[in-house]
Amino acid sequence: MEHLFIDWLKEYGYIVLFAWSILEGELGLIMAGIMSHTGDMFLPLALFVGAFGGFVGDQIYFYIGRFNKKYIHNKIRSQRTKFALAHLLLKKYGWPIIFAQRYMYGMRTVIPMAIGLTKYSSRQFAIINFVSAIFWASITIIPAYFYGNELLNLLKWIKAHWYFAIPLIIIIVVTIGYNLNKFEKNLVEKRRNRRDSLNFSQNCENNSAL
């Protein structure tokens, strides 16, 4: 079964890479770098496919936010905190957040959709998104290409010591997710407190004027 999967990946690797890159695919980019190292992929083509997939994915999310309001409103109900954080980050940092959102765990799909809800220029978003996608693919695939042997040895070690590696990976992922959620809630809470303080000050001024 393992050999069948590897053969399938070698044969359809670029299609898999493209689809994986649309769906938050750092792992897919790393695999593309390793396969480029082993000669099963052509590095420049892997870079192009990975970058293009990332670009297409964020364009899809952006236009979902712009033209599918019903879907977004349903999404907001379940991820209100993330959408509030996305608007806060866009307002505070502007266009760099479009560039940086690819590296923000759990926010990659939310931020383009949240930006699509605003009047932000679709042309400007596409340009920044395109440059960001090229950079994202390059800094992930190229190191995996140069350190292919080390990564292959690591994969062999994980396979041989799965009973130790799997719990460790789960602990790391859960810890990162917990800390990021805590960070998101703190940012939103600070914004809410500042807004409440501003409203309180305005009310006091209005009452004084009366």
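L17 lies in helix 2 (residues 13-22) of a predicted model, in which local features need pLDDT of at least 70, side-chain atom pairs count only at pLDDT 80 or more, and totals for chains, interfaces and linings use all residues. Residues are numbered from 1 along each chain as its sequence is written, and side-chain values use heavy atoms, with hydrogens and water left out. Helices (H or I, at least four residues) and strands (E, at least two) are DSSP runs, numbered from the N terminus. L17 is buried, at a relative accessible area of 2%; buried means under 20% relative accessible area, exposed over 50%, and partly exposed in between (1.4 Å probe, protein chains only).

- Not counting residues up to four places away in sequence, L17 touches G28, L29, A32, M41, A46, V49 and G50, where contact means heavy atoms within 4.5 Å.
- The buried residues of helix 2 are G13, V16, L17, S21 and I22.
- An α-helix has 3.6 residues a turn, so residues three or four places apart point the same way.
- After helix 2 comes E24, which has a positive phi near 55 degrees.

**Overall architecture**

- The chain contains 11 helices and 0 strands, giving the sequence pattern α-α-α-α-α-α-α-α-α-α-α.
- Of the 210 residues in the chain, 34% are buried.
- Among contacts between residues at least 6 apart in sequence, 79% join residues at least 24 apart.
- The chain has an accessible surface of about 13400 Å², with 67% of that area belonging to carbon and sulfur atoms; accessible areas come from the Shrake-Rupley method with a 1.4 Å probe, and for residues only the protein chains shown count as cover.

**Packing of helix 3**

- Two packed helices are described by the angle between their axes and the distance between the axes.
- The axes of helix 3 (residues 26-38) and helix 9 (residues 122-146) come within 7 Å and cross at roughly 45 degrees; axes are lines fitted to C-alpha atoms, for helices over the stretch in contact, and angles run from 0 to 180 degrees between N-to-C directions.
- Helix 3 and helix 9 are therefore oblique to each other, given that angles under 35 degrees count as roughly parallel, over 145 as roughly antiparallel, 65 to 115 as roughly perpendicular and the rest as oblique.
- The crossing of helix 3 with helix 9 is right-handed; a crossing is left-handed if the near helix is turned anticlockwise from the far one by less than a right angle, and right-handed if clockwise.
- On the helix 3 side, this contact is made by E26, L29, I30, A32, G33, I34, S36 and H37, and on the helix 9 side by W136, A137, T140, I141, A144 and Y145.
- Helix 3 also meets helix 10 (residues 148-160), their axes coming within 9 Å and crossing at roughly 115 degrees.
- The crossing of helix 3 and helix 10 is left-handed.
- Here I30, I34, H37 and T38 of helix 3 are in contact with G148, N149, L151, L152 and L155 of helix 10.

**The salt bridge between R102 and D58**

- The chain has 1 salt bridge, defined as a side-chain nitrogen of Lys or Arg within 4 Å of a carboxyl oxygen of Asp or Glu.
- R102 pairs with D58 in this salt bridge, and the closest N and O atoms are 3.4 Å apart.
- The pair links distant parts of the chain, as R102 sits in the loop between helix 7 (96-100) and helix 8 (110-117), and D58 sits in helix 4 (residues 43-67), 44 residues apart.
- R102 is buried at a relative accessible area of 3%, and D58 is buried at 0%.
- Leaving aside neighbours within four places in sequence, D58 is in contact with Q101, R102, R108, P112, F125 and N129.

- S132 is found in helix 9 and counts as buried, at 0% relative accessibility.
- Beyond its neighbours within four places in sequence, S132 is in contact with I98, F99, R102 and Y103.
- A126 also belongs to helix 9, and its contacts, leaving aside neighbours within four places in sequence, are F55 and Q59.
- A126 and I98 lie 28 residues apart in sequence, with a C-alpha to C-alpha distance of 9.8 Å.
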